[in-house]
Amino acid sequence: MDLYEYQARKLLEEQGIDIPRGIFAQNSHEVAIAADTIGYPCVIKAQVRTGHRGQAGGVKLTKDQDEAILSSEQILPMTISGHKVSGVLVAEAKNVLHEYYVSISLDRSSRDYDVLATANGGTEVELIAKECPESVKRLHISALEDFDIEAARKMAESIGFYHADLDQAADVLLKMWQCFKQNDATLVEINPLAKIGNPDDESTKRLCALDAKISLDDNAAFRHDDWARFADTTHTDLFEERAKQHGLHYVHLKGEVGVIGNGAGLVMSSLDAVSAAGEEQGTGVKPANFLDIGGGASTEVMSNSLSIVLSDPQVESVFVNVYGGITACDEVAKGILSALDKLNASKSIVVRFDGNAAQEGHKILHEAGNPNIHVCVTMEQAAQEAARLAKPGKEAVR
Ligand code: GDP
Ligand code: MN
C-alpha cells in the first residue's frame with residue numbers, strides 16, 4: 001500500500017523527524033482556512049500516489065490566501081501520471097539552503113535493506129543517478145545486525161552530509177529506520193531532506209523533511225489495526241473492498257466475463273484465453289475481473305466468490321476454471337450450486353474442472369440440471385463458450 005504524502009508525514013512525525021506543519025484539504029474553502037492557520041508563505045501540494053509532482057505543476061509556493069486558493073483550484077482537478085489528485089496538503093514553506101535525498105527500501109535479492117542517499121537531492125533519484133552517479137551512495141542495513149546511532153553516524157559520513165549536518169543526519173537516518181521497521185514498510189523515502197533556515201544565521205539552520213514517500217507491506221496488515229486510517233475512501237472499488245473482506249484475491253477489470261480460478265497462473269491464463277476468444281469471435285469481449293480462490297478452497301469460498309463476481313452489473317457470463325489439487329472439484333461444484341441458489345442468478349456459468357475430484361464435480365453439476373451451468377472439457381472451449389455467452393448472437397460471421 002502506497003501512502004499519500006500527508007499520511008507518510010504522520011508516520012515520520014511519530015518518530016520525531018522534523019517536518020514542516022501541514023494540513024490536508026479537499027476544496028478551496030478548506031484550503032483558505034488551512035492556509036490562514038499555517039501562515040504565509042505556504043506550499044500547496046497535490047496529494048497523489050505518485051512522484052514528480054513538482055515537475056507536473058502539482059507543488060506551488062504561495063504568499064497569501066488568494067494565491068493559495070488559486071493554486072489549489074489549479075491543482076485539485078489535476079491528474080498526474082494517470083492518478084487523480086485526491087486533495088492538497090497545505091504546508092508551511094521553508095527557506096531551502098540545500099537538498100539531500102535519503103531512502104530505505106527492502107532489497108529482496110540480498111535479503112537486507114538498501115539505503116540510497118545523495119547530497120545532491122531534490123530531483124528524482126533516477127535522474128541524479130544518471131547525471132551524477134558517483135554522488136549516489138548505496139549502503140546496506142543488515143536484517144540481522146543492530147542499526148544504532150553509531151552505525152547511522154558512520155553511514156551519514158559516507159553519504160557526504162556536510163560536517164555541521166552530521167549529527168542531525170545520523171538522527172534522521174536512525175528514525176527513518178525505526179519508522180521502516182515499526183511500520184513494516186517496504187520503502188521510506190525523504191526527498192528532499194532539506195537544510196533550511198536563514199543563510200546568515202547559523203543557529204537557525206537544520207535538517208527538515210519536505211517530502212515523504214512510504215509504502216507499507218500489505219502482507220503485514222494483520223498486525224497493524226491502525227492502518228485502517230490509511231484506507232482510501234475516495235478511490236476504493238466496492239467489489240475489491242468486498243472481496244478483501246472475504247480474504248479473496250480479486251482485481252476488478254472492465255470486461256464482461258467474470259473469471260474465477262485457483263492459482264494466480266491459471267487465472268491469468270484464463271484471462272488471456274477469454275480475451276483471445278473475444279477477439280477471435282469479433283465481439284471484443286474481455287474479462288471482468290481476476291479472482292484467485294487459492295488452494296484448498298471450500299464450498300463457502302466458491303460461493304462467496306461467485307456472489308461477488310455476479311454482483312458486478314458488467315458481468316454477462318462467468319468462467320470458472322479449476323484445476324483440482326488441494327482444492328477438490330466436488331467442493332467447488334457445491335459452492336457454485338449454493339451460490340446460485342442464494343442469488344437466484346440467471347447468468348451463464350461456464351465450468352471447466354480438471355484434476356482432484358473433477359468427475360465428481362461434473363456429476364454434481366449435471367445432476368443439478370441448472371440450464372445456466374455449462375460444462376466444458378478444455379480451458380479453450382470454456383473460454384470460447386463464456387465469451388460467446390457474454391454477447392449472444394453477436395458472434396462474427398466467418
Ligand atoms: P515531488 O516533486 O513529488 O517529489 O514533490 P516535493 O514535495 O519533493 O516538492 C518538489 C520540490 O518543491 C522540492 O524538491 C522542493 O525543491 C520544492 N519545495 C517543496 N516544499 C518546499 C518549501 O517549503 N520551500 C521551498 N523553497 N521549496 C519547497
Ligand atoms: Mn520529492
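Modeller: A polar contact is a pair of N or O atoms within 3.5 Å; within protein, one must be able to donate a hydrogen and the other to accept it, and residues adjacent in sequence count only if both atoms are side-chain atoms. Helices (H or I, at least four residues) and strands (E, at least two) are DSSP runs, numbered from the N terminus. The start of helix 2 gives a case: a side-chain oxygen of N27 comes to within 3.1 Å of the backbone nitrogen of H29.

Biologist: On what basis are such values given?

Modeller: This is a predicted model, in which local features need pLDDT of at least 70 and side-chain atom pairs count only at pLDDT 80 or more, while totals for chains, interfaces and linings use all residues. Residues are numbered from 1 along each chain as its sequence is written, chains are lettered from A and ligands numbered from 1 in the order in which they are written, and side-chain values use heavy atoms, with hydrogens and water left out.

Biologist: How is the span of helix 6 to be judged?

Modeller: The expected span is 1.5 Å times one less than the number of residues. Helix 6 (residues 166–182) has 17 residues, and the 24 Å from its first C-alpha to its last is close to the expected 24 Å. Its buried residues include L166, A169, A170, V172, L173 and L174. Further along helix 6, W177, C179 and F180 are also among the buried residues.

Biologist: What follows helix 6?

Modeller: D184 follows helix 6 and has a positive phi, near 50°. D184 belongs to the loop between helix 6 and strand 10. The side chain of D184 makes a polar contact of 2.9 Å with that of R223. Beyond four places in sequence, D184 is in contact with L216, D217, A220, R223, H224 and W227.

Biologist: Which residues coordinate the manganese ion?

Modeller: Donors are N, O and S atoms within 2.8 Å of the metal (3.2 Å for Na, K and Ca); water is not among the atoms, so sites may look incomplete. Here the manganese ion (ligand 2) is coordinated by N191 (O) and D211 (OD), at 2.2 Å. This pair links distant parts of the chain, 20 residues apart: N191 in strand 10 (residues 185–196), and D211 in the loop between strand 11 (206–209) and strand 12 (213–216).

Biologist: Are N191 and D211 buried or exposed?

Modeller: N191 is buried, at a relative accessible area of 7%. D211 is likewise buried, at 17%.

Biologist: What surrounds N191 and D211?

Modeller: Residues up to four places away in sequence are not counted. N191 touches Y100, Y101, G121, G122, T123, E124 and D211. D211 touches E5, K45, R53, E189, I190, N191 and P192. With R53, the side chain of D211 makes a side-chain polar contact of 3.0 Å.

Biologist: What does the UniProt record list for N191 and D211?

Modeller: UniProt positions are given in the numbering used here, feature names are shortened, and annotations may be inferred rather than shown by experiment. The unreviewed UniProt entry lists N191 and D211 under "binding site". These residues span 21 residues in sequence, yet no two of their C-alpha atoms are more than 5.5 Å apart, so they gather at one spot.

Biologist: Where else does UniProt place a "binding site"?

Modeller: The unreviewed entry also places this feature at K45, K94 and E99. K45 is in strand 2 and is buried, with a relative accessible area of 6%. Among the contacts of K45 beyond four places in sequence are E5, R53 and D211. K94 lies in the loop between strand 6 and strand 7 (96–107) and is partly exposed at 25% relative accessibility. K94 touches P20, I196, R206 and L210, with residues up to four places away in sequence left out. The side chains of K94 and E92 are joined by a polar contact of 2.7 Å.

Note on methods
Buried means under 20% relative accessible area, exposed over 50%, partly exposed in between (1.4 Å probe, protein chains only). Contact means heavy atoms within 4.5 Å.
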